[in-house]
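Thanks for asking me to look this over. Here are a few notes to read beside the model, as numbered points.

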Amino acid sequence: MSAEIVQLVEQAGPYLTTAVSAFGTAVLTRAEDAAADATANLGRRILQAVWHRRGEQGQAELEAAVQDAADDPDDGDAAATLRQQIKRALREDVALREELAGMLASAAGAGSVNVTASGERSIAAQTIHTAVTGDNVTLRP
């Protein structure tokens with residue numbers, strides 16, 4: 001198995017887990033859900049891409065793997081079986097591999113944020129609710 005396939009499946013893992021947890025086996029046929037977060041929707045898109053490129057037997061095997069993972073999200077064996085299904089599909093279909101790589105690259109690029117701190121005692125953060133720098137702080141006993 002190529003290192004590229006292993007890397008793609010490792011990158012896709014969190015998206016697959018979130019999608020299966022959010023949608024169960026409906027993940028294979030469900031349209032994008034505005035209420036679902038981007039992680040679940042990307043996992044759904046990945047699973048549907050694999051689903052649509054498999055034959056009847058491959059679809060049945062993928063559906064069984066998704067069902068097992070949805071039934072027990074903490075079962076590492078079920079998650080491994082699902083990943084194995086994805087690896088098999090990627091080994092057999094170069095176009096699918098390219099499509100999945102593109103999806104993951106887009107997701108990584110969409111999530112990148114540049115934060116710059118400039119000036120004395122400045123703070124840089126992507127999301128922050130309260131920042132205490134120590135300026136004008138009074139300690140109470």
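1. Let's start with a question: which residues in α2 meet which residues in α3? From α2 they are L47, V50, W51 and H52, and their partners in α3 are Q59, L62, E63 and V66. Please keep in mind that this is a predicted model.

2. Now for how this pair is arranged. The axes of α2 and α3 come within 8 Å and cross at roughly 150°. Since an angle over 145 degrees counts as roughly antiparallel, α2 is roughly antiparallel to α3. Sorted by class, the contact of α2 with α3 has five nonpolar, two polar and one charged residues.

3. On the α1 side, A12, P14, Y15, L16, T18, A19, V20, A22 and F23 take part, and they meet T39, A40, N41, L42, G43, R44, I46 and L47 in α2. By class, this contact of α1 with α2 has 12 nonpolar, four polar and one charged residues.

4. On to the core. The largest nonpolar core has 26 residues, and I46, L47, L62, L82, I86 and L90 are those with the most contacts inside it. At least two residues of this core come from each of α1 (3-23), α2 (38-53), α3 (56-71), α4 (76-92) and α5 (94-110).

5. Leaving aside residues up to four places away in sequence, L62 touches L28, L47, V50, W51, L82, Q85 and I86.

Conventions:
Residues are numbered from 1 along each chain as its sequence is written. This is a predicted model: local features need pLDDT of at least 70, side-chain atom pairs count only at pLDDT 80 or more; totals for chains, interfaces and linings use all residues. Side-chain values use heavy atoms; hydrogens and water are left out. A nonpolar core is a set of buried Ala, Val, Leu, Ile, Met, Phe, Trp, Tyr and Cys residues joined through side-chain atoms within 4.5 Å. Buried means under 20% relative accessible area, exposed over 50%, partly exposed in between (1.4 Å probe, protein chains only). Helices (H or I, at least four residues) and strands (E, at least two) are DSSP runs, numbered from the N terminus. Contact means heavy atoms within 4.5 Å. Axes are lines fitted to C-alpha atoms, for helices over the stretch in contact, and angles run from 0 to 180 degrees between N-to-C directions. Angles under 35 degrees count as roughly parallel, over 145 as roughly antiparallel, 65 to 115 as roughly perpendicular and the rest as oblique. Ala, Val, Leu, Ile, Met, Phe, Trp, Tyr, Cys and Pro count as nonpolar, Asp, Glu, Lys and Arg as charged, and the others, Gly among them, as polar.
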